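Let's take a walk through this structure together. Keep the picture open while you read, and try to find each part as it comes up.

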Amino acid sequence: MNYEAKLTELGLKLPNPPAVAGSYVPYVRTGNLLYLAGTISSFNGELTHTGQVGQEQTVQTAYESAKICALNTLANIKAATGSLDNVKQFVLVTGFVNAVSGFTDSPAVINGASELFGKVFGDAGKHARAAVAAAGLPKGSTVEIQVIVELKS
Amino acid sequence: MNYEAKLTELGLKLPNPPAVAGSYVPYVRTGNLLYLAGTISSFNGELTHTGQVGQEQTVQTAYESAKICALNTLANIKAATGSLDNVKQFVLVTGFVNAVSGFTDSPAVINGASELFGKVFGDAGKHARAAVAAAGLPKGSTVEIQVIVELKS
Amino acid sequence: MNYEAKLTELGLKLPNPPAVAGSYVPYVRTGNLLYLAGTISSFNGELTHTGQVGQEQTVQTAYESAKICALNTLANIKAATGSLDNVKQFVLVTGFVNAVSGFTDSPAVINGASELFGKVFGDAGKHARAAVAAAGLPKGSTVEIQVIVELKS
């Protein structure tokens, strides 16, 4: 149940919470639900994966892009609540893949985020999900994810 | 109020709950809200509509694709709660249409899902909605919908 | 705290609540959350911005399109609750920009909606957000936003 410890055990290190890229905030809590802003694949301010799958990126590199998005979302959860241990349950992940028209493998890409949540949070990391290809994403990021989690009350 | 009976009366038969196509779960309940995973137009494991509107598909065939998505979402609701009769109110349907760039008729397509929910659930099937064209969808499905419903407590 | 007065002070006038463009409803309330249907840039029934950014539209004109979407969402909130003053907190804005493949500036576009919410509602207008490029939007609208707000109980 100690997700912070699990993160360390997995050798994962959270980036700083990402700077917001517009006129919004990184999270809003309503009741026990925490709505996180979309996160892209930028690590401590440096873009790690840009361009579309089917052009500059592959399913494999986009999977890595999704992992970076997930780490940024975790950084936002920690900033919002003080500790990842305040998460009760992941609820919904909406995953957008920057891809050429007709791309069919968005689930394999967004697994990069989903599997990271599963490794760190176990059952509490399991979530409903939609994964689609977008025509474009902020700053050309290869992936963007938007997440809702339930917090311990 | 007997939605299961209404489904039968309409001659509709639910598919098996769709196999998840990635590292996620078909639904998460938080409070009285049930978040369903995105569903595509696959019926008992067989894809029924693939390709983009404006190319392989038309608005009319994509409307049928959206109906299949809706049936899969109903199968997930039933698997989650035991019976469609546990639904209090549909809340939000996010509809993604796999379409060529510049496609303008996503509402007419997603009506295929919305009207099915309306026929089965009456007022309880009425929902807020966003309908957009996506650059691509999982397995090339022509439509994907993602749904939130409120359950009877 | 008087958002209706602030709207007037800013010289903004709400359009009529937009006609729904399909088989859905403009809002659903569940608990204290109000889920709004997606709104496009049509003002009192007349489309104000159509076509894609990168073709018929620019980031600047699309920013204006997002403002119109925001006004329509406010009209729906007022229709749902009687007064904008019933809003406790904006929660989530999902912004879709109708754009050519590879578009990277969706945040700058969706700021047109986000900044309007901020001006009218102050801290209560701050929201989490995802902003992506869509392959197409209803009626060719340049922007569509979908919003969740928390109401005063």
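## A hairpin in chain C

Let's start with a pair of strands. In chain C, strand β1 (residues 27-30) and strand β2 (residues 33-36) run antiparallel, and four bridges join them. This is a predicted model, so keep that in mind as you look around.

Pick out C:Arg29 and look across to β2(C): its bridge partner there is C:Leu34. The hairpin that β1(C) and β2(C) form has two residues between the strands, and C:Gly31 takes a positive phi near 60° in it.

## Turning one chain onto another

Now zoom out to whole chains.

Chain A can be laid on chain C by a turn of 120° and a shift of 0.0 Å along the axis, with an RMSD of 0.0 Å. Here, too, the copies use different surfaces, and 11% of the contact residues of chain A recur in chain C.

## Where chain A meets chain C

How many residues does each chain bring to this contact? Chain A gives 27 residues and chain C gives 28 residues. On the side of chain A that touches chain C, β1 (27-30), β2 (33-36), β6 (87-98) and β8 (143-151) of chain A each supply at least two residues. The largest share of that side comes from β1(A), with three residues.

Sorted by class, the side of chain A that touches chain C has 15 nonpolar, ten polar and two charged residues.

## Two helices packed in chain A

Next, look inside chain A. Helix α2 (residues 59-81) of chain A packs with helix α3 (residues 106-121) of chain A at an angle of about 40°, and their axes are 7 Å apart. Angles under 35 degrees count as roughly parallel and 65 to 115 as roughly perpendicular, so α2(A) and α3(A) are oblique to each other. The crossing of α2(A) past α3(A) is right-handed.

Who makes the contact? From α2(A), the residues include A:Val59, A:Tyr63 and A:Cys69, and from α3(A) they include A:Ile110, A:Leu116 and A:Phe117. By class, the residues of the contact of α2(A) with α3(A) are twelve nonpolar, three polar and two charged.

## The helix pair in chain B

Finally, hop over to chain B. The axes of helix α2 (residues 59-81) of chain B and helix α3 (residues 106-121) of chain B cross at roughly 40° and come within 7 Å. That makes α2(B) oblique to α3(B). The crossing of α2(B) past α3(B) is right-handed.

Among the residues making this contact are B:Ala62, B:Glu64 and B:Lys67 of α2(B), along with B:Val109, B:Asn111 and B:Gly112 of α3(B). The contact of α2(B) with α3(B) has twelve nonpolar, three polar and two charged residues.

Conventions
Residues are numbered from 1 along each chain as its sequence is written. Chains are lettered from A and ligands numbered from 1 in the order in which they are written. This is a predicted model: local features need pLDDT of at least 70, side-chain atom pairs count only at pLDDT 80 or more; totals for chains, interfaces and linings use all residues. Two strands pair if DSSP finds at least two bridges between them. Axes are lines fitted to C-alpha atoms, for helices over the stretch in contact, and angles run from 0 to 180 degrees between N-to-C directions. Angles under 35 degrees count as roughly parallel, over 145 as roughly antiparallel, 65 to 115 as roughly perpendicular and the rest as oblique. A crossing is left-handed if the near helix is turned anticlockwise from the far one by less than a right angle, and right-handed if clockwise. Two residues are in contact if their C-beta atoms, placed from the backbone, lie within 7 Å. Ala, Val, Leu, Ile, Met, Phe, Trp, Tyr, Cys and Pro count as nonpolar, Asp, Glu, Lys and Arg as charged, and the others, Gly among them, as polar. Copies are superposed by least squares on the C-alpha atoms of residues with pLDDT of at least 70 in both.
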